[in-house]
Amino acid sequence: MIYMKFSLTEMEQEILEYLWNSRSWTSGAEFWKLLNDRGRECKRQTVNTYLSRMADKGLLIRDGKKYMYAYNREEFDSEKADELLHSMYGGTIKNFVAALTGGNKIGKEEADELKQYLDSLK
């Protein structure tokens with residue numbers, strides 16, 4: 001099984017979404033209250049376990065009892081895409097596009113747009 005640092009559980013996604021939107025350091029107790037207020041009905045230890053694991057994976061920064069995201073949303077999306085590209089497609093966009101199209105041809109207009117975009121990255 002391939003370890004995917006940027007592949008998140010529903011709870012981890014909810015924690016990151018909250019931090020990205022609030023942009024404020026948040027404690028485990030505050031997360032516990034927030035998640036329970038949202039109908040999650042989870043124990044404090046469960047929340048603390050998620051936070052600790054996310055910090056261990058490098059997704060969160062810990063300062064005492066408070067947590068903050070280590071990557072903003074754009075950085076996270078970029079790192080997740082890079083991780084996916086390398087773990088599943090040998091690190092090449094060509095392999096990704098081949099898998100995406102299933103070996104089928106794409107239209108000329110779409111191919112031209114893709115070429116133009118790729119040229120802009122040089």
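Tutor: Buried means under 20% relative accessible area. The model here is predicted.

Student: What makes Phe31 count as buried?

Tutor: Phe31 has 1% relative accessibility. The cut-off is under 20%, so Phe31 is buried.

Student: Why is Tyr18 called partly exposed?

Tutor: Its relative accessible area is 26%.

Student: Why are the rings of Tyr18 and Phe31 called edge-to-face?

Tutor: Pairing needs centres within 6.5 Å, and edge-to-face needs planes over 60 degrees apart. The Tyr18 and Phe31 centres are 5.7 Å apart, with planes at 75°, so both conditions hold. The pair joins helix H1, which holds Tyr18, to helix H2, which holds Phe31. They are 13 residues apart.

Student: How many aromatic pairs does the structure hold?

Tutor: Five. Another of them is Phe6 with Tyr71.

Student: Why is the pair of Phe6 and Tyr71 edge-to-face?

Tutor: The ring centres lie 5.3 Å apart and the planes stand at 70°. The angle cut-off is over 60 degrees, so the pair is edge-to-face. Phe6 precedes helix H1, while Tyr71 sits in the loop between strand E3 and helix H4. The two residues are 65 apart in the chain.

Student: Is Phe6 buried or exposed?

Tutor: Buried. Its relative accessible area is 4%, against a limit of under 20%. Phe6 also belongs to one aromatic cluster with Trp20, Tyr71 and Phe76.

Key
Residues numbered from 1 in each chain as written. Predicted model: local features only at pLDDT ≥ 70, side-chain atom pairs only at ≥ 80, totals over all residues. Heavy atoms only, no water. Phe/Tyr/Trp six-rings, centres within 6.5 Å; stacked < 30°, edge-to-face > 60°. Helix = DSSP H or I, 4+ residues; strand = E, 2+ residues; numbered from the N terminus. Buried < 20%, exposed > 50% of the residue type's maximum accessible area, 1.4 Å probe, protein only.
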